[in-house]
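Morning, everyone. I'll take helix packing, then interfaces, then a few local details. Here is the model.

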Amino acid sequence: MNNKVIIIGAGPAGLSAAITLAEKNIAVLVIDEYLYAGGRLLGQLYEEKPGTWWNGIVESERLLERAKSLEVEFLLQTSVSDLEKVDQTWLIHTTKGIFRTRHLLLATGAAESPFPIPGWTLPGVMSVGAAQVMTNVHRVKPGKRGVIIGVNVLSSAIAMELQLAGVQVAAITLPHANLLTKGNSNPLEVMNSLLHVAHMAPSPLVKIGSKLMKNDFMKKLGINFYPKNGVKMWDIPIMLRKAVVEIVGKDEVEGVILATINTDGSIVKGSEKRIKADFVCIAGGLYPLAELASLAGCPFHYIEQLGGFIPLHNEQMETNLEGLYVAGNITGIEGAKVALAQGKVAALTISQRLNAGASQHDIKLAIQDVEKTRATAHIQFHPDILAGRQQMKQIWAESVVPLATH
Amino acid sequence: MTERIMSHPVLGNLILKEKVTFTFDEQVFEGYEGESLAAALLAQGIRTLRLHEETGQPRGIYCNIGHCFECRVNVNGLEGERACLTPISDGMVVKSGQTLPTSVRDWRKNLEQ
Amino acid sequence: MQNKSMIVCRCEEVSYDELVESASKYKCSARELKLRTRAGMGYCGGRTCRTMVDNIAHLHHPRTSDEITLKHQAPIRPVRFANLGEVKS
């Protein structure tokens, strides 16, 4: 039992690690609390190039089939509640009992970080990821007509997915500014971050953007003249000069109060209008879900570019605790393809520790593959992701005495 | 009523599993074997899954992936089950969460003044 | 303003104003802010509001990059007593 590697999280990082380990004839158990394997890869659906779709369900099934053919063991619908180390062994407490391993990979992904809007506890308000899963995985419409609050890479991608499934998106717009909305509520900052993802979509916004807005003056001009009713992307109005002041409804969402905002995010008095919606999505971004690494006793570092508090780890995906590894969004918010590549690195590192035939050269190549995948990523969550990765590398180099290789 | 997405331009036609029935607060609902309770209820227009224990404010799904516990309900007698992670089965008995009979939150009022 | 009724911690229904006022009054750490208001101490274990509570606390409290200001506590998912005590290997 102790020779089996345990992976917590059946998302892209966990599945890819499981496959790589099983290919080296190492026994693997994957634990996940969701109904199906695939993690948040399941909901993803976007056109990579005309006619070629990245279909998360197909990708997840492909990975699951491959893992199963290699006799990887899966324990789905199983929640992990605690993690402790006794002697050399990690004890994993789950709803299906306690499992033990010497080599544990945490691939627990990310959670959404919301911003508050008055009325956001009403039934019908959900995280943008919730709407994605409901639509693409469960194939149930989150509602008839929705408003997405928060304009960013994730929300615009999901808006498009909703549209594709026949769910009407009345608007993607900003939250009314408070101390927690930060860059999310400032039209100029949002515009800046959108320009960064300009390559992403055939959008008129981008056309206004990339040519016109090379300098700050032009950007300010652009946002000043930004149409009050928004610019349409895939037929969805993107409203950078509007903000949701409140979500309204008696017992469930009935609509939102939308106001026109100035370029600094402040409200134009008297501009408030009520628009109808039966669901609302909050899109505040993602943060690494690292609670198990915390219970294990990993040191953490706050790195904004990576999405928040990150457990200390090296490029080989090892933490400073013996037998504990990390891969995927727990190490920083990036796309599924980077997670897949990281899962492979973690698995090769574990194989090397188990003397199961992975050379330092193999690991090096896998790390290079992560870098290549990152460089060519379709979706990038933070423009300075590289700086964030570099910072973690630096912290590791300064703080960790290299683990003894035996 | 919220609809199911029967056909999808990229994902194709929806393949439904065996039809099952379950109850939510004594009302009978239909769903498909193994799908999430939250999805089955939403497909039939049910958004409110519980009332906040203290304030009685209605709540429904928020994260839909097991993180937020907002969708917790009583399933076959077990409290605190997440509707978003619970696969439905025939004859399942589901009850919404209700307010506590006695508030435990009065201390805060005393603290404020 | 409606911020009085704008909830940050959904589990314990702790409002934005309550958190911002406590943070500015005590200029305390995120952990102390949590203990003072119960934000992040409800059913979900703070998974939904922790980034918000953390950010409010750091409006008045310098951030150091090497601490996790809101620690995690086991169990990270509620555990039934019925499931305890039985050790499977």
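Start in chain A, where helix 3 and helix 4 make a left-handed crossing. The contact draws on V128(A), G129(A), A131(A), Q132(A), T135(A) and N136(A) from helix 3 of chain A. Facing them from helix 4 of chain A are L154(A), S155(A), I158(A), E161(A) and L162(A). By class, this contact of helix 3 with helix 4 of chain A has five nonpolar residues, five polar and one charged.

Before going further, please keep in mind that this is a predicted model.

Now the geometry of that pair. Helix 3 of chain A covers residues 128–137, and helix 4 of chain A covers residues 153–164. Their axes come within 10 Å and cross at roughly 30°. Angles under 35 degrees count as roughly parallel, so helix 3 of chain A is roughly parallel to helix 4 of chain A.

Next, a helix pair in chain C. Helix 1 of chain C spans residues 16–26, and helix 2 of chain C spans residues 30–37. Here the axes come within 10 Å and cross at roughly 125°. That angle makes helix 1 of chain C oblique to helix 2 of chain C. The crossing of these two chain C helices is right-handed.

Who touches whom? On helix 1 of chain C, look at E18(C), L19(C), S22(C), A23(C) and Y26(C). On helix 2 of chain C, they meet E32(C), L33(C), R36(C) and T37(C). The residues of this chain C contact split into four nonpolar, two polar and three charged.

On to the interfaces. The size of an interface is often given as the accessible area lost when the parts come together.

Take chain A with chain B. The contact involves 41 residues of chain A and 38 residues of chain B. Together the two chains bury about 3300 Å², with 59% of it on carbon and sulfur atoms. How many salt bridges cross the interface of chain A and chain B? The rule finds four. R47(B) makes a salt bridge with D278(A), and the closest N and O atoms are 3.9 Å apart.

Now chain C with chain B. Chain C contributes 16 residues to the contact and chain B contributes 19. The buried area between chain C and chain B is about 1500 Å², 45% of it on carbon and sulfur atoms. The salt bridge count between chain C and chain B is three. Please look at R80(C) and E81(B): their side chains meet in a salt bridge at 2.3 Å, N to O.

What is the salt bridge count over all chains? It comes to 29. Here is a pair within chain A. R62(A) forms a salt bridge with E59(A), with 2.9 Å between the closest N and O atoms. Both residues sit in helix 2 of chain A, residues 56–69. R62(A) and E59(A) are three residues apart there, about one turn of the helix.

Two backbone points to finish. In chain C, the peptide bond from A74(C) to P75(C) is cis, with omega near -5°. Where is P75(C)? P75(C) lies in the segment after helix 3 (50–57) of chain C.

In chain B, look at D25(B). Its phi is near 50°, a positive value in a residue other than glycine. D25(B) sits in the loop between strand 3 (19–24) and strand 4 (27–32) of chain B.

That's my tour. Questions, please.

Note on methods
Residues numbered from 1 in each chain as written. Chains lettered and ligands numbered in written order. Predicted model: local features only at pLDDT ≥ 70, side-chain atom pairs only at ≥ 80, totals over all residues. Heavy atoms only, no water. Axes fitted to C-alpha atoms, helices over the stretch in contact; angles between N-to-C directions. Helix = DSSP H or I, 4+ residues; strand = E, 2+ residues; numbered from the N terminus. Parallel < 35°, antiparallel > 145°, perpendicular 65-115°, else oblique. Left-handed = near helix turned anticlockwise from the far one by under 90°. Contact = heavy atoms within 4.5 Å. Nonpolar A, V, L, I, M, F, W, Y, C, P; charged D, E, K, R; others polar. Buried area = accessible area lost by both parts, 1.4 Å probe.
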